[in-house]
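Please look over the sequence and the model shown below. The paragraphs after it start inside the fold and then move along the chain.

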Amino acid sequence: MSRASAPALEHEESILVVDFGAQYAQLIARRLRELHVYCEIHPPQRAYEAAQRLRPRGVILSGGPASVYAANAPVLDRRILELGVPFLGICYGMQWLCESLGGKVEPADVHEYGRASMTLEREDALVAGLSSPTQIWMSHGDRVVRLPEGAVPLGTTESCPLAAMAIPARKLYGVQFHPEVTHTVEGKLLLANFVRHVCGCAGNWRMGSFVDLEIERLRKQIGETGEVILGLSGGVDSSVVACLLHRAIGERLHCIFVDNGLLRAGERESVEEVFRGHFQMDLTVVDASERFLSKLAGVDDPEKKRKIIGYEFVEVFRAEAKRFRNARFLGQGTLYPDVIESVAVHGGPTATIKSHHNVGGLPKDLELELVEPLRELFKDEVRELGVILGMPEEMVRRQPFPGPGLAVRVPGAIQRSHLEALRAADKIVRQEIEAAGWQKHLWQYFAVFLPVRSVGVMGDGRTYEHAVAVRLVESEDAMTADWALPPKPVLDRISNRIINEVDGINRVVLDISSKPPATIEWE
């Protein structure tokens, strides 16, 4: 298996983001894209080389879990400071900047985690238009205790005297807080000040530019004769990838839809109608339900379930690929949230939360080279791409569906009867939410089959049957999520219909867990 890097393309203006291992480093890039500025993320060990190629208008140094004075601190070539462009260090990035220029960083007496109020100390282009005080979001255990020569403080909090600083003569800046997160109320304004007023970026990059650039990258990666096998699920991610690839290489794209026995009601029929009928793509439907369910029999560990499903998916694709002489590539709808939950991306020491079948579950001996054009994007950006590519509205706005399918919505070992009950319950949840128009407020809305039984009363008789959990969440990008509460009549209809129409269910509960600490899916 390989993941070759497509040749980089030149941009008139760009920002380099150096990832020191922050869990949310990609949020920095996302904010820049929202400001219509192109950017690339690179780990410290490749940042200087990337800067020479990109010739960026500015550099942003991310946060990270290390301490700059520790032996295992990430190493960044200090020649990068000689580029002559503005820098913005965020949290660890500010500490590295100060330490590298002669300042001093020490463990803080009081750690700051969460909301804080920052008072501005002076006027500057970086903080132009910000309120004073302004709400910021802190997450640090170290702090700068001595600024480098020529540096001045820009902002302070009750427990952090140097919450923001500047070296005006060199246009070097640092903030101890995280402007990329929404909890920093005016964080986007601060980033806009940096890229527009400090770095001089006009902000001409658009998602339409991404389409043109990505199609060119795909053509270079795949070549003039290469063929791609795409694992098509019918969800937004793989559908957008299909449209991108179809536009890039046309009939050399071969979509494979695998019925693994873990689909929602009507899933297979919908995919066939849309991609064969609407898009007229080459689509093969493989009924592998018996294969998957037999492999999953008796398996109750969620990670093992995910890896089995991922492995079997790839084996099916590998077998299908033999029908195409030049099929050397496997296309996937991998998104950035999938990546950071599965592996340490960009070389940073981020924590693995769970493996995704299209990230952590692929065998090392896969003969197909991966094509993942959405790997650096969030879901809302993918939806915007779908609109640009001319996809139907109902497809673009379709709620996310996990790669492992209903397997992650049946905790524990999977039984066929449990899957059938879940399909019926999930269909009711979708029907009632959409009938009420509440899908516009939700990121996802689905049912989870609970492998526990409880006592109930139905028709004056005692029952001892299973329960279903209803999961309704609001989110922008699946990185964080909050539970939602539709009007009581909507929940009443969902509960009544599930209990009355689905055999074996006598109780419906509402999942009121946010992410974090929970995940959106149950496994």
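About 30 Å³ of space lies in the second largest cavity. A cavity here is a set of points on a 1 Å grid over the protein atoms alone where a 1.4 Å probe fits but cannot get out, and lining residues have an atom within 4 Å of a point. Grid points are joined across faces, edges and corners, and the volume is the space filled by probe spheres set on the points. Across the whole structure, the search finds two cavities of 30 Å³ or more.

The model is a predicted one, in which local features need pLDDT of at least 70, side-chain atom pairs count only at pLDDT 80 or more, and totals for chains, interfaces and linings use all residues. Residues are numbered from 1 along each chain as its sequence is written, and side-chain values use heavy atoms, with hydrogens and water left out.

Which residues line the second largest cavity? They are Leu130, Thr134, Gln135, Ile136, Phe177, Pro179, Thr184, Glu186, Gly187 and Leu190. Strand S6 (134–146) and helix H4 each supply at least two residues of this lining, and S6 gives the most, with three. Helices (H or I, at least four residues) and strands (E, at least two) are DSSP runs, numbered from the N terminus.

Helix H4 covers residues 187–198, which is 12 residues, and reaches 15 Å from its first C-alpha to its last, close to the 16 Å expected. The expected span is 1.5 Å times one less than the number of residues. The buried residues of H4 are Gly187, Leu190, Leu191, Ala192, Asn193, Phe194, Val195 and Val198. Buried means under 20% relative accessible area, with exposed over 50% and partly exposed in between (1.4 Å probe, protein chains only). The cover over these buried residues includes strand S1 (14–18), helix H1 (25–34), strand S3 (58–61), strand S4 (87–90) and strand S9 (172–175). Just after H4, Gly200 takes a positive phi of about 80°.

Strand S1 also holds Ser14. Ser14 counts as buried because its relative accessibility is 1%. Not counting residues up to four places away in sequence, Ser14 touches Tyr38, Leu54, Pro56, Arg57 and Gly58, where contact means heavy atoms within 4.5 Å.

Helix H5 (residues 207–222) has 16 residues and spans 22 Å from first C-alpha to last, close to the 22 Å expected. Its buried residues are Met207, Phe210, Val211, Leu213, Glu214, Ile215, Arg217, Leu218, Gln221 and Ile222. They pack against strand S2 (38–42), strand S10 (227–231), helix H6 (236–249), strand S13 (327–331), strand S14 (369–371) and helix H11. After H5 comes Gly223, whose phi is positive, near 85°.

Helix H11 (residues 379–388) contains Val382. With a relative accessibility of 0%, Val382 counts as buried. Leaving aside neighbours within four places in sequence, Val382 is in contact with Val236, Asp237, Val240, Leu335, Leu374 and Leu377. Val382 and Pro489 are 107 residues apart in sequence and 33 Å apart in space, C-alpha to C-alpha.

Next come the aromatic rings. The structure holds five aromatic pairs. Why is the pair of Phe292 and Phe313 edge-to-face? The ring centres of Phe292 and Phe313 are 5.3 Å apart and the planes lie at 65°, so the pair is edge-to-face. Rings of Phe, Tyr and Trp (its six-membered ring) pair if their centres lie within 6.5 Å; planes under 30 degrees apart count as stacked, over 60 as edge-to-face and the rest as tilted. The pair links distant parts of the chain, with Phe292 in helix H8 (residues 289–296) and Phe313 in helix H9 (residues 302–321), 21 residues apart. Phe292 is buried at 0% relative accessibility, and Phe313 is buried at 10%. Elsewhere, Phe20, Tyr92 and Trp96 form one aromatic cluster.

Two arginines sit over rings. The charged end of Arg383 sits over the ring of Trp443, 5.1 Å from its centre, and Arg409 lies over the face of Phe446, at 3.7 Å from the ring centre. The cut-off is NZ of Lys or CZ of Arg within 6 Å of the ring centre and within 35 degrees of the ring normal.

Finally, Ala421 lies in helix H13 (residues 416–435) and is buried, with a relative accessible area of 8%. Ala421 touches Phe449, Val502 and Asp503, not counting residues up to four places away in sequence. Ala421 and Asp503 are 82 residues apart in sequence and 6.8 Å apart in space, C-alpha to C-alpha.

Terms used: 1 Å grid on protein atoms, 1.4 Å probe; cavity = no way out; pocket = protein on both sides within 12 Å on 5 of 7 lines; lining within 4 Å.
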